Amino acid sequence: MTSSRFSNFAFGVLAWGVALLIFFPILWLLLTAFKTEQQAFSVDPTFWFTPTLESFRTALAQGNGYWHYAWNSALTAVASTLVGLALAVPAAYAMAFYPNKRTDFLLVWMVSTKFIPAVGVLIPMFLVYKTVGLLDHPLGLTLLFTAMNLPIIIWMVYSYFRDIPKDIVEAADIDGASILQTLFKVVLPLALPGLASTGLLALILAWNESFWSITMSDHRAATLAVYIASFKSAEGLFWAKMSAASVLAIAPIIVLGWFTQRQMVRGLTFGAVK
Amino acid sequence: MAIVELKNVAKRYGSSGSNAVENFNLTTRDGEFVVLVGPSGCGKSTTMRMIAGLERNTDGEILIGGRDVSQVPPKERDIAMVFQSYALYPHMTVAENMAFSLKLKKRSATEIKAQVDDAARTLGIEQLLERKPRELSGGQRQRVALGRAIVRSPQVFLMDEPLSNLDAKLRVDMRAEIVKLHKRLKVTTFYVTHDQVEAMTMGERIVVMKDGQIQQIDTPINLYEHPANRFVAGFIGNPSMNFLRASHVDGVLEGEGFRLTLDPAHAKTMAARAGDVWVGVRPEHLEDTDGEGNAIAGEVEVVETLGSVTVVQLRVGERFVTAQLSGHRRIEVGERLTLGCASDKLHLFDVESDEVIARNSVSALNAVAT
């Protein structure tokens, strides 16, 4: 009894320790964003100082202005998520309810595309995009994010569909529903919590993406990742400004995550705790 | 309502050609209640799924009301199916579940409401119409599943083990209710079960299946009295039939611990045969005897007192024989019993093929002889 209480306490302390460790960089980022460049550059870490909004003011006006990048991030993240779901739903439906002997291979193959380091296909992608004029174009980034997230979206939607008993789909079939009617009136309503959390995850992954954004966009389609990176310079102090920009960049997604965390957790553990 | 015909229907999976169902032939009467029964993996569910169109038959023809539906998708076969899991739509209310098929057929709202209310009244679930399936008990879900099937007034009902998720008491109640429902609606019904009691109590005709093949198609009483082979004999009836291997000499069957005399009709058939046979005796046909005539003797190993009857297991030579004796008879473990059986209640089976060795009618044989 006492030993289990002690181990509960020990695990509690450990969990808090790990949580603080993970959260600390974000805390430091927040603090730095409200410092002057001199304070931010100071060798002694300071927790107590007079906060200033100077860095935010500078950051908001940087380049084309914060809102330009935020809009591109939102546009490409939302669009890629919607396109991804639209492609994943029929694919997952076919694999979940009409599997054949190649279905398992197909699933593994799709995920295996995620094993390739992105930089490995950078040159060909860059050349293709350059040729077809998709460089620095929101559509180009949208397509990249869709392709990047599609295997994950299909896997997740597939697993939510698999949780729906096949009998229910067959009952709809016998009741006279076409495939589309079965999909829209039976399968999608049942998988909605799962689809929502899949969508949220895809949205977050696309919003946070930086490798392709930085290499494939510059001005017109530049996302918040490009915006943050633009603060880096070879000379002068930029840590406070960069921190302020980072705070501005992650704020929307943190707010979204905060409000949807219940949905996220429920969706991600949907199949596990039935 | 319709006649359903299955002609040489077969289902093969994969290129290896292992048959799930082979050479299935059956023609129902209009409005008949047909039960498909057999152990798991015998092909009974596959057969039903082929009638439903959820699986395509690899061979043969399936006709519903004279129309070959082998290539017709489920929704155009005019059938309704009740699933073992009920398969209700969890996100819809009871009323919406029942109305779903009618809505898809674009029936008017008033007509849908009338039909749903009518079906709900028939099944006594009017007060549940606005509930979701998760708020219902197993028995109520079962009724909704039936309701969803009957609102459509289909030509054929298919029921795939609909009662196996219910507890024993509810199962008996629902059994009677489904039979009553069938009497009222008179829709041709296929009913799949692994439970021979369900089969015997519900079916007008029963198809006994094993390893994808029909063993026998008959009325419940004929299956019980005239099983076509050892499998059917052992499957139908509870407790199941005893089988003893016996040698045959001049109308007498003998083995370790028993000696049985054949009736004249069986004796005539056996006169032309040599070698051993399986003799089958139902537990309920065994009774106390003084040891004269037919006798099976052995030591009692297990006694199950059920009140109305007492079931005993007797060690007879190397085998066990089950007997169902009247309830007021007190029997102790270890007691030696001698049991008898009327000669006309014996069943004989070929030891090679397990097929029944039929009684040749005595009069017919006499006619040939003269």
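A polar contact is a pair of N or O atoms within 3.5 Å; within protein, one must be able to donate a hydrogen and the other to accept it. The model on screen is predicted.

**Stop 1: the two domains.** Select chain B and colour residues 4–234 as domain 1 and 241–369 as domain 2. The centres of these two domains, taken over C-alpha atoms, lie 38 Å apart. Nine residues of domain 1 and eleven residues of domain 2 make up the contact.

Stop 2: Show the surface where the domains of chain B meet. Domain 1 and domain 2 bury about 910 Å² between them, and 50% of that is on carbon and sulfur atoms. Now pick B:Tyr224, B:Arg230 and B:Ala233. Together they supply 64% of the area that domain 1 buries against domain 2, more than any other three residues.

**Stop 3: polar links.** Between domain 1 and domain 2 of chain B there are four residue pairs in polar contact, counting pairs with both residues at pLDDT 80 or more. Switch to helices α7 (220–225) and α8 (230–235) of chain B. Each supplies at least two residues of the domain 1 side that touches domain 2.

**Stop 4: the salt bridge.** How many salt bridges join domain 1 and domain 2 of chain B? The count is one. Next, zoom to B:Arg230 and B:Asp354. Their side chains meet in a salt bridge at 3.0 Å, N to O.

**Stop 5: cysteines.** Select B:Cys42. It counts as buried because its relative accessibility is 1%, under the 20% cut-off. Move to B:Cys341. At 5% relative accessibility, B:Cys341 also counts as buried.

Key. Residues numbered from 1 in each chain as written. Chains lettered and ligands numbered in written order. Predicted model: local features only at pLDDT ≥ 70, side-chain atom pairs only at ≥ 80, totals over all residues. Heavy atoms only, no water. Buried < 20%, exposed > 50% of the residue type's maximum accessible area, 1.4 Å probe, protein only. Domains from an automatic or database assignment. Contact = heavy atoms within 4.5 Å. Buried area = accessible area lost by both parts, 1.4 Å probe. Salt bridge = Lys/Arg side-chain N within 4 Å of Asp/Glu carboxyl O. Polar contact = N/O pair within 3.5 Å; in protein donor to acceptor, adjacent residues only side chain to side chain. Helix = DSSP H or I, 4+ residues; strand = E, 2+ residues; numbered from the N terminus.
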